[in-house]
Amino acid sequence: MPTETPPEDAARTIVTRVAAIRDVELTALPPLQETIDVDSLDALLDGQFSGTCTFTYADCTIRVGGHGRIRVSRRLDDSTIDTAGQRRQRRRN
């Protein structure tokens, strides 16, 4: 289930979850602002916009929805492991 995240903590939350799922130190990851405009991310999370934004950061797929929902998953072969530790099969088109 997605976690509600205040906008000011979004960047920190994303980087922390990516580090955890990849089992690396925070300093081993590239700056998030090199991947996405953090101000736009904050605007999405504080409810200024509806919908979701999906992007790739440090070999992880990040899905951010309005009102504070963040989901981080890492692709491994034909499946995905998300921050809840659940393995799901990736859909094939």
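Author: What follows starts with the whole chain and then moves into the core.

This is a predicted model, where local features need pLDDT of at least 70, side-chain atom pairs count only at pLDDT 80 or more, and totals for chains, interfaces and linings use all residues. Residues are numbered from 1 along each chain as its sequence is written, and side-chain values use heavy atoms, with hydrogens and water left out.

First, the overall layout. The protein chain has 2 helices and 6 strands. Helices (H or I, at least four residues) and strands (E, at least two) are DSSP runs, numbered from the N terminus. Read from that end, the order is β-α-α-β-β-β-β-β. The chain has 93 residues, and 35% of them count as buried. Buried means under 20% relative accessible area, exposed over 50%, and partly exposed in between (1.4 Å probe, protein chains only). Contact here means heavy atoms within 4.5 Å. Among contacts between residues at least 6 apart in sequence, 36% join residues at least 24 apart.

Now the core. A nonpolar core is a set of buried Ala, Val, Leu, Ile, Met, Phe, Trp, Tyr and Cys residues joined through side-chain atoms within 4.5 Å. The largest one has 20 residues. Those with the most contacts inside it are Ile14, Val18, Leu41, Phe55, Tyr57, Ile62 and Val64. Five elements each supply at least two core residues: α1 (10–22), α2 (38–45), β2 (52–57), β3 (60–65) and β4 (69–76). The largest share, 6 residues, comes from α1. As a general point, nonpolar side chains in soluble globular proteins tend to be buried together.

Next, the two helices. α1 and α2 pack at an angle of about 105 degrees, and their axes are 9 Å apart. Axes are lines fitted to C-alpha atoms, for helices over the stretch in contact, and angles run from 0 to 180 degrees between N-to-C directions. The pair is therefore roughly perpendicular. At the meeting point, α1 brings Ala10, Ala11 and Ile14. α2 brings Val38, Leu41, Asp42 and Leu45.

Take Leu41 on its own. Leu41 sits in helix α2. Its relative accessibility is 2%, so Leu41 counts as buried. Leaving out residues up to four places away in sequence, Leu41 touches Ala10, Ile14, Leu32, Ile36, Phe55 and Val64. Leu41 and Gly65 are 24 residues apart in sequence, and their C-alpha atoms are 9.3 Å apart.

Then Val18. With residues up to four places away set aside, Val18 touches Leu29, Tyr57, Ala58, Cys60, Ile62 and Val72. Two of these partners deserve a further look.

One is Ala58, in the loop between β2 and β3. Ala58 counts as buried because its relative accessibility is 16%. Ala58 is not a glycine, yet has a positive phi of about 50 degrees. Asp59 lies in the loop between β2 and β3 as well. Asp59 also has a positive phi, about 65 degrees, without being a glycine. At 53% relative accessibility, Asp59 counts as exposed. Most residues other than glycine have a negative phi.

The other is Cys60. Cys60 is buried, with a relative accessible area of 1%. Cys53 counts as partly exposed, at 26%. A disulfide is a pair of cysteine sulfur atoms within 2.5 Å. By that rule the count is 0 disulfides.

Conventions:
Angles under 35 degrees count as roughly parallel, over 145 as roughly antiparallel, 65 to 115 as roughly perpendicular and the rest as oblique.
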